[in-house]
Amino acid sequence: RPSNSNPVPNNNYTSEVASFTNLNQMTAYYASENLVNRINLMSQLCTKPFLAFQDVFYYLFDANAPSGRHYKLYSDYQARWNTFKAVNGTVLTSAKIGAFYLIDEPTWNGVSFDDLNNVSQMIKNDYPTIPILLIEAYNQVNTVQIPTTVDWVGFDRYFMFNPSTNTSYLQNLADLKLRRSTAAQKIFIVIDDNWIPEYGTAGQTAANMDLVVQDYYNLAASDVDIIGLLAWVWPSGVDQPNQVGTRDLPQNVKDKNVLIGNKIKANNSPCGQVLALDTNNITYLNDTKKDKNLHIYPNPTSNVTNISYGLKKTSNIKITVTDMYGNQTLLLESCNKNSGLHNFIFNTNIYSAGMYCISLFVNGTVQQSKLIIAK
């Protein structure tokens, strides 16, 4: 609080959501903007930004676009990028950046493929290990052109209360998959995670938004092409004054977001923390107190998966793969391991699609986890 004791408005919500998120939006408004301290803060809080660059590279040209806002690429976009790198280069690493986000809904906003591809290619050349994220408007999904340098794709569609069974929403998802330019491009789902009075006219109460969020998660968890969820939006009043963000929705809705966020962060924690899943909840475990549960991600997988575990002391370990009939098909490891975190990559290409069991034996005790291989 300032000296007059009036509260300072909060416009940086990282500290509120970092415990249950691993990816949060951060916007760069001009090329010389210094984001180093903010990015380092996110890293300290065990989350990463996906950096939105729209105002750095593109400017509003006219109204000749489906959205009524036609954006074009600055002619000096390369110089702008070089300026941004010079200011922020120390934190532009895959350890601290979750993704680069070039512009909102490019086709909807009239961005030409060349203007999108040029920026995407330029950034990928400089930072090949940092993903590039593209989100399109739902009504342009069947026409969007996706550069091959884009890694993750998704679409915005709101006023959706049952996406996993809504035929129109599922058609958008199917269309987006067909528009991918490479088979490696994965899908992000954008959750309708706010409430406006118009939802009430459709019979959807604010307190029921937890069911909506759960349905988005169910859809994502059932599809091996979907690897992430983006919830729109945490604060209130972003799009319109009467918009209620997740932050101000009933406690049951916030609890649902925290639960799902923790499940996601259990699979991919930016700062290397490992979460253990038990039958009731998700908790951080201290390396010095007890062994960590066997952890497999991604799961399901169609190619490779990462197997990780933690040991409280030096132990004799063995890791095996068995099929659905209980037959051991592979011995992955059998050796002594020091205390601490351990992980390795398991290539599943030699296996047929189906369900398998990964077993971790530690000094005679066993932990097991199912692995689904999808082809």
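I looked up the accessibility of valine 17 and found 8% relative accessibility; because buried means under 20%, valine 17 counts as buried. I note that the model is a predicted one.

I then located valine 17 in helix H1, which spans residues 14-17. Which residues is valine 17 in contact with, leaving aside its neighbours within four places in sequence? I found Asn24 and Trp234.

Next I turned to a sheet. I recorded an open sheet of 4 strands, in the order E15-E14-E17-E18, with antiparallel pairing. Its edge strands are E15 (328-337) and E18 (365-373), each of which pairs on one side only. On average, neighbouring strands of this sheet are turned by 15° against each other, direction ignored.

How many bridges join strand E17 to E18? I found 9 bridges between E17 (residues 354-362) and E18, and the two run antiparallel. I also noted that serine 359 has glutamine 368, in E18, as its bridge partner. In general, strands of a sheet pair through backbone hydrogen bonds.

Finally, I consulted the confidence values. The chain has a mean pLDDT of 87, and 91% of its residues reach 70 or more. Over residues 1-8 the pLDDT is below 50, and this stretch has 4 contacts in the model beyond near neighbours in sequence. Residues 273-291 also have pLDDT below 50, with 40 contacts in the model beyond near neighbours in sequence. Where pLDDT is low, predicted coordinates should not be read in detail.

Key
Residues are numbered from 1 along each chain as its sequence is written. This is a predicted model: local features need pLDDT of at least 70, side-chain atom pairs count only at pLDDT 80 or more; totals for chains, interfaces and linings use all residues. Side-chain values use heavy atoms; hydrogens and water are left out. Two strands pair if DSSP finds at least two bridges between them. Axes are lines fitted to C-alpha atoms, for helices over the stretch in contact, and angles run from 0 to 180 degrees between N-to-C directions. pLDDT is the predictor's confidence in each residue, from 0 to 100. Contact means heavy atoms within 4.5 Å. Buried means under 20% relative accessible area, exposed over 50%, partly exposed in between (1.4 Å probe, protein chains only).
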